[in-house]
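Open the model in a viewer and keep the sequence panel beside it. The stops below are given as selections, each followed by what is found there.

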Amino acid sequence: MDEEYDVIVLGTGLKECILSGLLSVDGLKVLHMDRNDYYGGESTSLNLVNLWKRFRGSDKPPAHLGSSRDYNVDMIPKFIMANGALVRVLIHTDVTKYLYFKAVDGSYVYNKGKVHKVPATDMEALKSPLMGIFEKRRARKFVIYIQDYEEKNPKTHEGLDLTRVTTRELIAKYGLDDNTVDFIGHAWALHRDDRYLDEPALDTVMRMKLYAESLARFAGGSPYIYPLYGLGELPQAFARLSAVYGGTYMLNKPECKVEFDEEGKVIGVTSEGETAKCKKVVCDPSYLHNKVRKVGKVARAIAIMSHPIPNTNDSHSVQVILPQKQLGRISDMYLFCCSYSHNVAPKGKFIAFVSTEAETDQPEIELKSGIDLLGPVDEIFFETYDRYEPVNEPSLDNCFVSTSYDATTHFESTIVDVLNMYTMITGKVLDLNVDLNAASAAEE
């Protein structure tokens with residue numbers, strides 16, 4: 001312990017493990033510590049016995065659910081956009097050699113009480129029951145504009161400066177109705193609320209292009225991929241990467257206390273009477289309570305089922321987004337389902353999650369709209385957790401604190417936080433111009 005490091009990383013959540021890997025590859029001397037004796041922090045995966053211990057206080061799950069070790073239940077379940085930033089980080093760092101991915105079967109949206117497939121091409125828009133015949137024609141023109149749009153080619157802009165035109169103004173040009181706007185904004189561009197409508201349209205257009213490009217990568221039913229055996233594999237893969245580049249790991253280190261000098265700058269971390277010196281600390285919010293503030297709360301249900309989610313074409317893995325307007329809520333609700341096809345449950349079993357930004361203290365009532373879509377469940381667990389974001393100034397104290405995981409069931413907001421932290425820590429932008437075809441570990 002009594003050594004000096006460039007960076008000490010506290011907590012082995014996914015964000016911290018990605019940063020540990022990236023900083024080690026950059027040649028920094030990294031010490032990575034966790035108070036727990038397992039990888040993953042809040043984003044760990046649990047077998048059935050550990051799931052029961054966490055939610056029921058006992059380690060005796062019913063025998064009819066099958067073998068405990070066949071379950072890998074993610075505590076922060078999220079699908080990965082096939083063409084998105086996280087995949088680019090995985091390829092940039094060559095972590096793909098430690099992982100196997102499989103495409104996710106379906107991407108759906110809740111509209112007027114029913115679940116529909118999200119149309120993501122002009123042809124799918126024409127077939128979708130989400131729209132009437134005239135609306136389909138208008139939507140098709142809009143989708144073609146998105147598909148043809150190139151940021152650096154003004155000929156594709158149709159005279160619109162999308163850094164100034166709002167999304168609301170762009171959509172008005174095509175005369176789309178509120179229902180169409182709802183699934184475009186929430187299930188396709190993956191916005192979490194309606195604030196995007198009054199922001200520059202470029203972000204929404206680029207998000208829609210990413211969705212369509214991701215969908216095209218594996219020609220599957222969704223733009224998402226997911227690791228076999230669940231997300232618990234990801235932190236361990238980045239931990240291996242860090243170790244390959246000289247990173248040091250210490251699990252089960254109690255009471256990791258961050259030490260500061262008189263000016264309030266970090267100088268090291270103490271655990272079990274020993275202090276490791278460092279120039280910078282990276283951690284999740286639980287390690288520096290006085291440098292974060294609570295910004296919200298996530299309500300979540302975890303269900304074990306013996307069937308796929310109804311009305312999703314028997315998909316073994318699927319995301320369903322319930323836009324807030326459809327539910328009369330402030331924020332969207334998300335359904336995530338995975339199964340034995342991704343090796344996260346025994347044959348015939350499905351794991352479903354329902355999550356949202358909590359607006360009450362009653363998750364059982366608040367999540368009912370999503371739970372009602374699941375059909376019969378074998379077992380269900382409820383919980384809420386607080387979300388935090390940093391309030392410190394890293395340039396003054398050299399502490400870099402991640403934000404808590406949100407309620408979404410995709411990784412796009414998570415990886416934005418990681419890349420921003422990387423830039424703050426190193427002063428440089430991570431180059432993500434990589435050959436996506438190099439992801440040979442991704443299975444179709």
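Start by selecting Lys-112, which counts as exposed because its relative accessibility is 63%. The model is a predicted one, so read each stop as a description of that prediction. Lys-112 belongs to the loop that links strand 7 and strand 8. Check its backbone: phi is near 50°, a positive value in a residue other than glycine.

**The sheet**

Select strand 7, residues 106-111, together with strand 15, residues 318-322; the two run parallel and are joined by four bridges. For one of the pairings, pick Val-109, whose bridge partner in strand 15 is Ile-321.

Seven strands make it up, in the order 8-7-15-16-17-14-18. The sheet is open and its pairing is mixed. Which strands stand at the edges? They are strand 8 (114-117) and strand 18 (379-390); each has a single partner strand, so one side of each has no neighbour in the sheet. Ignoring direction, neighbouring strands are turned against each other by 25° on average.

Go back to Leu-234 and show its surroundings. Which residues does Leu-234 contact, leaving aside its neighbours within four places in sequence? They are Leu-14, Ile-80, Leu-86, Leu-90, Leu-99 and Phe-411.

Next, select Thr-270 in strand 12, which spans residues 266-271. Is Thr-270 buried or exposed? Its relative accessibility is 16%, and buried means under 20%, so Thr-270 counts as buried. Show the side chains of Thr-270 and Thr-275: they make a polar contact at 2.6 Å. Beyond its neighbours within four places in sequence, Thr-270 is in contact with Glu-255, Cys-256, Lys-257, Glu-259 and Thr-275.

Move along to Glu-272, in the loop between strand 12 and strand 13 (274-283). Glu-272 is exposed because its relative accessible area is 55%, whereas Thr-270 is buried. The phi of Glu-272 is positive, about 55°, although the residue is not a glycine.

**Asp-431**

For the last stop, select Asp-431, found in the loop between helix 14 (412-426) and strand 20 (442-443). With 46% relative accessibility, Asp-431 counts as partly exposed. Its side chain reaches the backbone nitrogen of Asn-433 at 3.0 Å. How far apart are the C-alpha atoms of Asp-431 and Arg-88? They are separated by 9.1 Å, while along the chain the two residues are 343 residues apart.

Methods
Residues are numbered from 1 along each chain as its sequence is written. This is a predicted model: local features need pLDDT of at least 70, side-chain atom pairs count only at pLDDT 80 or more; totals for chains, interfaces and linings use all residues. Side-chain values use heavy atoms; hydrogens and water are left out. Contact means heavy atoms within 4.5 Å. Two strands pair if DSSP finds at least two bridges between them. Axes are lines fitted to C-alpha atoms, for helices over the stretch in contact, and angles run from 0 to 180 degrees between N-to-C directions. Buried means under 20% relative accessible area, exposed over 50%, partly exposed in between (1.4 Å probe, protein chains only). A polar contact is a pair of N or O atoms within 3.5 Å; within protein, one must be able to donate a hydrogen and the other to accept it, and residues adjacent in sequence count only if both atoms are side-chain atoms.
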